[in-house]
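Hello,

Here is the structure for you to look through. My notes on it follow below.

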Amino acid sequence: MSFLRSRYINVAIIFIAAFLMIFTYFFKVQALSDAATLVQTTVSLFAAFTLALGAMNLTLIAYRQVQKKAPTALFSVLAIAVMLMMIITGLIPPLMNSPQFNWLYNNVEAPTDSTMYAMMVFFVASACFRAFRARSKEALVMLVVGSFIIFTYAPIGATIWPGLPAIGSWIEKYPMTGASRGFSIGVALGGLGIGLRILLGREKAVTGE
Amino acid sequence: MWDILGNWINAILTIAIISFAVPGENIFYRIAEYIMIGITAGYAVVQGMRVVLNLGISPMMSGQAYMLFPILLGLLVYTRFSKQYGYLSRWPIALMVGSGIGVSIRAVPEVDIMNQIKASFLPLVGVNWDVAVSNIILLIALLSTLFYFFMTVEQKGPLRQISVVGRYSLMILFGAYWGSQLMTRSTMFIGRMSFLIKDFLFPMLGLG
Amino acid sequence: MVDTILVPGKTVPLIVFLVIVISMYLMMRYASKGKVPTIRTLPAYNAITEAVGRAVEVGKPVHYTTGTYTFVGQTAGGSAALTAGLSLLAYISDICLSKGATLISSCAYPEVMTIESEILRGSYLKAGMEDEYSEVEHLRYVPIVSSCAPFAAGVAGWIEREKPATNFLLGPFFFESLVIAEAGYHAGCFQVAGTTSAGYSAFFLACCDYVLIGEELYAAAALATNDPIQAGSLRGNDVNRVWIIALIVIGVVVTLLGMKTALMNLLSI
Amino acid sequence: MSESKGILDKIENMDVRIIYILVIICIAIPIIRPMGLPIPISESTISAYDFINKLPEGSVVLVGFETGAAGWPELGPQLNIFMQHIFDRNLKPIIVSGNVDGAQLAEMYTIPKMIKPGKVYGKDWVNLGYIAGGESGIAAFASRITSVTPRDYFGTPVEDLEMMKNVTSAADFKLAIVCSWGTPGHADYLRQYTTKFGVPLIVGAQTTTVPAIVPFYQSKQVVGYTNGLRGAGEYEILTHHPGYAVASLDAASSYHLVVFVLIVIGNLAIVAKRFVKKKEGT
């Protein structure tokens with residue numbers, strides 16, 4: 001059965017799936033389009049299966065930590081307890097729509113998640129304080145552009161002087177658009193390159209040894 | 001009762017996470033950190049179950065028996081925990097990787113390359129002088145940035161100069177990104193502060 | 001025949017697609033036959049050794065992360081940056097082992113963790129220290145499911161507590177980039193970062209000592225792996241860039257001559 | 001001399017917690033007591049508004065709630081006002097999300113607030129729930145809706161929904177609106193809906209992604225976009241429904257101002273230090 005372990009099977013699966021997607025984008029052949037849609041449905045299904053992997057790994061780690069009596073074990077057990085609570089309330093019918101589940105989502109999941117994102121407000125401020133210093137000519141350019149954009153986006157800019165957002169919009173519309181295009185064309189080419197290398201089985205990290 | 005309790009938990013968790021900034025990493029933050037990890041993992045499990053049910057099991061029950069095949073293949077994802085059969089989990093992943101690469105690269109030449117090139121055919125004459133100058137600046141920024149990323153050519157002499165211009169164009173781009181960060185991040189924090197002040201503190205104090 | 005099955009309006013995209021893919025393939029083949037292109041020097045890449053040296057001096061660990069992407073259901077750009085980050089992980093792990101530093105990597109997805117584990121084990125095997133590798137000690141799994149917030153929280157918190165000497169952030173990133181980079185800055189880490197997203201490159205420029213901007217990350221990966229195929233695909237990018245620049249210039253000239261509509265019609269087939 | 005240098009050093013290496021506390025204060029005050037600064041309306045918002053305003057009644061519009069709870073403070077106000085405008089104009093929205101919790105957010109935070117009396121689920125709007133599989137999932141949804149969402153958010157088969165009788169693929173959409181905080185985002189929508197099926201796209205953007213969207217707006221691949229909370233505020237004014245966004249923008253303004261002052265202080269400290277050094281040198 002050793003041929004089942006070979007990475008050529010993986011490469012073959014990747015190649016066929018990708019070829020199907022690319023071919024049906026440029027050409028219309030009904031049978032292949034149907035096949036492509038079926039593959040995509042299957043992929044959605046697989047993606048749903050992988051959603052549980054995080055929980056499984058988490059449980060495994062917690063188990064190991066408890067076994068070793070690691071100092072973080074208690075925290076991991078807390079995480080598992082919360083996780084189980086979420087799963088159990090989610091399974092109460094109507095699936096994922098029970099009042100208990102919505103309560104947990106509303107009062108635990110939503111606030112922790114969004115507060116973590118909101119924390120960036122501090123880091124951006126302190127990083128601005130540090131980044132926007134005219135230590136070099138490059139930093140000076142960043143500083144000046146950044147300042148104009150700040151007052152373009154915040155309504156207060158127009159209150160201070162209507163010219164501020166006007167200049168900011170001009171920067172956004174011309175030099176920034178140019179640079180952004182150049183940057184993203186390059187990244188797109190790089191992405192195509194890596195895609196091709198994966199399809200050819202040259203990226204061992206993805207296809208396995 | 002549950003509403004009030006919920007509001008309190010909501011507020012306490014919010015403050016616990018903010019305490020990571022002021023005064024600094026502490027036990028409350030750590031508890032909130034692990035609660036966050038647990039709850040998102042749990043949410044994903046339930047969501048996954050629902051998709052499997054809607055997309056796989058119920059069509060299978062209602063006549064599309066062939067859906068059994070993808071479901072069984074999907075279960076292979078979990079073989080990764082076994083040393084002996086771990087390699088099987090690579091198959092569904094390979095299908096996902098292949099299809100993902102296929103759908104994303106097939107449109108790249110059109111969306112990210114051709115349409116962007118076409119949008120750069122800008123008029124330099126027959127328009128107001130300010131638009132013409134602006135267009136020239138856009139083209140300089142675009143071409144010099146493209147130039148900056150020539151990787152397999154050692155950049156010397158005049159090439160070096162162009163690439164220096166490219167680097168400054170990139171700094172303009174990054175400056176703009178910085179400016180935009182403030183708005184997004186403040187918005188998110190405003191959301192949390194609005195909750196703390198308007199939905200939690202005010203009702204508690206019997207205000208507004 | 002071709003007319004009847006070709007999707008309308010997709011002729012030029014198809015040609016462009018084929019031109020890019022074929023030219024890249026040819027460049028990779030040239031490179032694999034020994035004509036390996038040289039890659040221009042990157043200060044950030046050269047700083048990697050210095051960064052590891054710093055960690056050895058103070059006797060603290062090196063932290064590594066590729067950010068919150070996986071190969072599944074993501075965009076090509078993200079997969080590309082992640083692959084580059086993983087190549088660099090192998091390289092940096094080798095340096096760490098030869099200099100005697102401990103590398104600890106944080107990952108967000110189980111599948112990425114499996115891959116990183118293989119990479120690190122391979123690196124220890126190469127150094128003849130396979131007994132010393134342990135997945136529990138050298139890999140930290142901080143799950144992300146619907147958002148990168150738990151990952152950001154978990155990694156930033158860990159950096160605050162453990163204060164590693166060096167912090168590498170190489171790969172595709174979302175907002176966690178700034179959270180982690182700021183935590184690293186305050187913990188006094190020597191930081192080398194690189195990503196292909198313009199927005200998050202800007203973050204890194206503020207917080208990190210050395211930054212690989214955009215495609216420089218791919219170039220660094222090619223340098224690190226010493227893989228002629230990767231160098232060849234970089235040359236392929238450059239070849240395509242030449243015609244893109246040429247086409248833009250031609251387009252502008254044609255527009256100057258007042259024949260833009262004809263060209264646009266030609267390119268919209 | 002050395003004393004002034006000491007102060008400058010202190011400013012340069014200010015304890016970040018001072019900055020953090022300043023941030024909290026400057027955001028809290030305008031929330032408690034708004035100032036009502038005027039909000040100028042951007043061209044990109046107007047072009048989004050005009051496009052929706054000109055769609056014939058009954059057109060099917062895809063609305064992508066591509067956000068989780070964390071992105072809600074910024075994207076929620078935009079989604080809410082888009083939905084309100086859509087209901088006002090009697091268009092027929094289809095809600096989907098490639099984020100695990102997007103569809104739930106729509107049910108919890110948007111629909112109860114924005115729905116108009118007389119609108120019936122299944123006839124005037126539908127929520128098709130979560131699309132797994134990232135861009136692959138979106139591509140499949142675009143080519144045949146039931147291939148990835150055979151049932152809607154509430155578990156009803158899509159064929160049983162009256163509104164979906166004549167809607168089978170992206171070709172039946174008259175417009176797609178996406179409010180996204182990452183992947184799937186405007187790029188995925190552009191590739192799978194706009195370039196493949198020619199569906200016009202409006203982006204409700206996070207301000208951070210605006211620099212990435214402007215090139216697509218300039219190249220006319222995106223018909224209009226709203227810029228974060230600011231854009232939501234502008235849209236609220238355009239549709240005469242001023243609400244959360246308009247009220248919150250003052251706090252954003254004061255935060256920007258404080259950060260700008262911090263930047264100025266940081267730079268003045270550097271300049272002053274150089275000046276002191278020069279003086280000491282001569």
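Two strands pair if DSSP finds at least two bridges between them. Helices (H or I, at least four residues) and strands (E, at least two) are DSSP runs, numbered from the N terminus. This is a predicted model, in which local features need pLDDT of at least 70 and side-chain atom pairs count only at pLDDT 80 or more, while totals for chains, interfaces and linings use all residues. Residues are numbered from 1 along each chain as its sequence is written, and chains are lettered from A and ligands numbered from 1 in the order in which they are written.

Chain C first. In β6(C), Val211(C) is the bridge partner of Ala193(C). Strand β5 (residues 190–195) of chain C runs parallel to β6(C), and four bridges join them. Both belong to an open sheet of six strands with parallel pairing, in the order β3-β2-β1-β4-β5-β6 (chain C). β3 (139–141) and β6 (210–213) of chain C stand at the edges with a single partner strand each, so one side of each has no neighbour in the sheet. From one strand to the next, the twist averages 15 degrees.

Next, chain B. Helix α1 (residues 2–18) of chain B packs against helix α6 (residues 157–205) of chain B at an angle of about 140 degrees, with the axes 11 Å apart. Axes are lines fitted to C-alpha atoms, for helices over the stretch in contact, and angles run from 0 to 180 degrees between N-to-C directions. That makes α1(B) oblique to α6(B) (angles under 35 degrees count as roughly parallel, over 145 as roughly antiparallel, 65 to 115 as roughly perpendicular and the rest as oblique). Asn7(B), Ala11(B) and Thr14(B) of α1(B) make the contact with Arg192(B), Leu196(B) and Phe200(B) of α6(B). Two residues are in contact if their C-beta atoms, placed from the backbone, lie within 7 Å.

Now the contacts between chains. Between chain A and chain B, the contact takes 97 residues from chain A and 90 residues from chain B. Helix α10 (residues 175–199) of chain A gives the largest share of the side of chain A that touches chain B, 18 residues.

Chain A also touches chain D: 46 residues of chain D are in contact with 40 residues of chain A. Among the helices of chain D that each supply at least two residues to this side are α2 (16–32) and α10 (244–281). The largest share, twelve residues, comes from α10(D).

Regards
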